[in-house]
Amino acid sequence: MMMDMESQRKKRYALIYLSTVGILLGINACTSAPPLKTQNKTMESSVAPLNTSAHQEGRFEVTPLIGDFKVKRTTLANGLKLLVVEDSSSPTFAYHTWFDVGSRHEVAGKTGLAHLFEHMMFKGSQKYPEGVFDALLEKAGAEGQNAFTANDHTAYHVELPKDQLDLIITLESDRMVNLVVDDQSFSTEREVVKGERHYRTDNSPEGVIYQTLFEMMFTQHPYHWPVIGYEEDLDGMSAQDARDFYQRFYAPDRATIVVVGDVDADEVLKKIEKAYGAIPAKRTPDPIHPQDLPQTAQRRKKLPLHIENQKLWMGYHAPESQSPDNAVLDAIQAILSDGMSSRLDRALVETGICSSVSSGSFELKDPGIFAIMTDLQKGKSAAVAESIILREIERLKTTPVSAEELQRGKNLYRFHFLDRLTTGDGIAHFLGDMEVLYGNFTKGLEFQNQVHEVTPERLMQVTQKYFTTDNLTVIVGVPKK
Ligand SMILES: [Zn+2]
């Protein structure tokens, strides 16, 4: 589908990072993978703790965000969550709808359904048939209209001039309940998605490694299969599967609407209540996912790929996003690979062994992955890079990092957080993401504070806990002969 605005913004800042993992993570367009919490930019910034205490204002819980921005949050009787940030600096607003549904809600044999269904959401309703939705938004001056699906969520977003609030509320509330999924448009869209799969996975070396890493590391959990799905599953799917998926999971009690921009929160609430208030909740329980048992032996694979130089990916099982250990892993990421003075950049890129290195946790609800990814230089072997990475991990386990190096990492981390919030669309993305991931965005703010409380001792403990030989999965991509 169309370009994702936030990705474009990220792209400008994180060139090295994206050259390594951007395409494979699919953050370019109609996304089908979780973003990595990593970037590459240096800047000094304040690390004062964020204020996460809320007060009540009418029906809204009000929490400070950054600067003068406040988040006004409320929940309708049918479970629909609404978050509004008033910002009149530009006569526009961003409108996001985040659904707490993703590829984790699929079953084996029907993989890719969440993402294929996301495409179907643009196919029209009885009242606004195919093409009308897009035409109305285009006429209204919409920018960046798009959607993306990931393991844990699906989001729909657009930016509009301030006087178009009624239009978007009308269209979005309509397709939450009145979507028409007909057989013909389903078949057409399935071919579009298969094309997307070829582009993203089959014809992308990083896509193949990415898919293989998840398949090797998750043998029980639905994170095992790619968000884009397997081709044979897509082929075997019917429009009825899409209709069933819609009936089960698309409901106000799985949705969070985020509006950021030149709007009045009380007015937004009034309009939202009017348009969505009568849509009944479904209370479809989340499927119970089998969890993987702890990995007890190292897993390795060599993948022949259409590449010139070798690639090395190393994955360690990491805890669920709610775990306080995750904040420590983010600090570890900053020390290992954030910026040119990070440890792995100096040891691998500066020395001419690798052309790039990145690392980080995938943002996932259930226990996930901390990955380290490198592209080797011509003639250099992944084995050498692996031994250097293991040496650097060993050093983290045994020698406390200096206060100065830790502070540098924390400053970078805070910078990336603030950088996410530089546009209305970025703020809406952060809030929607955190609501789905944690149930309440304020936990995302608290997480920021946790990163800033990481001590050298905690950093050593967490490295020792997760970065073990048995917990490691290694994939080496080698040029196909
Ligand atoms: Zn797509």
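Okay, let's start with Val-263, which is buried: 21 other C-beta atoms sit within 10 Å, and the cut-off for calling a residue buried is 20 or more. Keep in mind that this is a predicted model.

For a sense of distance, take Phe-186: it's 77 residues from Val-263 in sequence, and 36 Å away in space, going C-alpha to C-alpha.

Now, zooming out. Domain 1 puts 58 residues into the contact, and domain 2 puts in 60. On the domain 1 side, several elements supply at least two residues each, among them α1, α2, β4 and β8. Which one gives the most? That's α7, with seven residues. By class, this side of domain 1 has 30 nonpolar, 18 polar and 10 charged residues.

Last stop, a pair of helices. The axes of α3, residues 113-120, and α9, residues 239-249, come within 10 Å and cross at roughly 90°, so the two helices are roughly perpendicular to each other. From α3 the contact uses Leu-113, Leu-116, Phe-117 and Met-120, and from α9 we get Asp-241, Ala-242, Phe-245 and Tyr-246. That makes seven nonpolar residues, one charged and no polar ones.

Note on methods:
Residues numbered from 1 in each chain as written. Predicted model: local features only at pLDDT ≥ 70, side-chain atom pairs only at ≥ 80, totals over all residues. Axes fitted to C-alpha atoms, helices over the stretch in contact; angles between N-to-C directions. Helix = DSSP H or I, 4+ residues; strand = E, 2+ residues; numbered from the N terminus. Parallel < 35°, antiparallel > 145°, perpendicular 65-115°, else oblique. Contact = placed C-beta atoms within 7 Å. Nonpolar A, V, L, I, M, F, W, Y, C, P; charged D, E, K, R; others polar. Buried ≥ 20, exposed ≤ 12 C-beta atoms within 10 Å, placed from the backbone.
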